[in-house]
Amino acid sequence: MDNIKYKDGVLYLLDQSLLPNEEVYITPKTKEEYFEAIKKLRVRGAPAIGIFAAYAMALIDEDKFKLKEYLDSARPTAVNLSWATSRMLDAHKLGKTLIEEAIAIHNEDKEMCRKISEYGLSLLKDGDGILTHCNAGALATSKYGTGLGPLLLGKEKGYNFKVFTDETRPLLQGARLTSYELEKAGIDVTLICDNMASIVMSQGKINAVLVGADRIAANGDTANKIGTSGAAILAKYYGIPFYVLAPYSTVDFNCKSGEDIIIEERDSDEIKNMWYEKPMALPETKCYNPAFDITPSKLITAIITDKGIVKQPYKENLEKILND
């Protein structure tokens, strides 16, 4: 499934805000259109945002320094966004052909996803029950994905998993995107409400939890889609492995712990109005709508990156594999 395609000077983006009911590709051209696509989650998932931003840096003929700053402000928590724009800015300073650099980032992401998927699959067994939260498949990356990568790769290799997908409120990425991807791939998937995670764990239906991450602090704390830390707490209680799968570029060594991660707060309309024919709360009712929460490293069984599987102590071991 190609969510981002570049052909003959034009970038095509699968608009994830319309899934699963419409499969529409848009072709952003201005910096405002690229910004809006990131901000409004037409493109989402840390690696995919980075790839998309890299193409924006290459295709928009404006001051690259100001363009980077502008694009970065669209989703400040997603470290892959600033990572990609920084790399493109460095390429610009060195006089490189920017579209070639963007294509390189895209291709490198495909290889990264394959490695993460292989490492993740090595921790699973045929027939395992898996819980997922949010969406971390091919739609969120370039191919396979991070959190869903082992499932999609496993399907290719003949594994049969029983997947339970949290709906992931309020934006319903699990319902709209993850169940969509897994159904398309022919994987056994059951959609559940977020608050059903405990009961399926208690019934022995879950052997592992797989999630993605938008930022990993130096100590192993992770910023995940809101609600992920709740799944981690439940997994710890029931003795179920909880795996975070993300590219190594998501590790932010300048961020010492989860307390240093800025949590993006989104519009209350996403809770009260976005997916309903009529408002689900009074107009004057206040809402708190953070996009992410922090999963403490002590709840994480392993962080699976394209450089390898990392376990406690995370600070030392994340640094150790940097140059491996």
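Modeller: Ala, Val, Leu, Ile, Met, Phe, Trp, Tyr, Cys and Pro count as nonpolar, Asp, Glu, Lys and Arg as charged, and the others, Gly among them, as polar. The model is predicted, with local features needing pLDDT of at least 70 and side-chain atom pairs pLDDT 80 or more, while totals for chains, interfaces and linings use all residues. Residues are numbered from 1 along each chain as its sequence is written, and side-chain values use heavy atoms, without hydrogens and water.

Biologist: How many nonpolar, polar and charged residues are in the lining of the largest cavity?

Modeller: A cavity is a set of points on a 1 Å grid over the protein atoms alone, where a 1.4 Å probe fits but cannot get out; lining residues have an atom within 4 Å of a point. Sorted by class, the lining of the largest cavity has 13 nonpolar, 8 polar and 5 charged residues.

Biologist: Which element gives the largest share of that lining?

Modeller: Helices are DSSP runs of H or I with at least four residues, and strands are runs of E with at least two, numbered from the N terminus. Two or more lining residues come from each of α2 and β9 (222-225). The largest share, 3 residues, belongs to α2.

Biologist: Is M57 buried or exposed?

Modeller: M57 sits in helix α2, residues 46-59. Buried means under 20% relative accessible area, exposed over 50%, and partly exposed in between, with a 1.4 Å probe and protein chains only. M57 has 1% relative accessibility, so M57 counts as buried.
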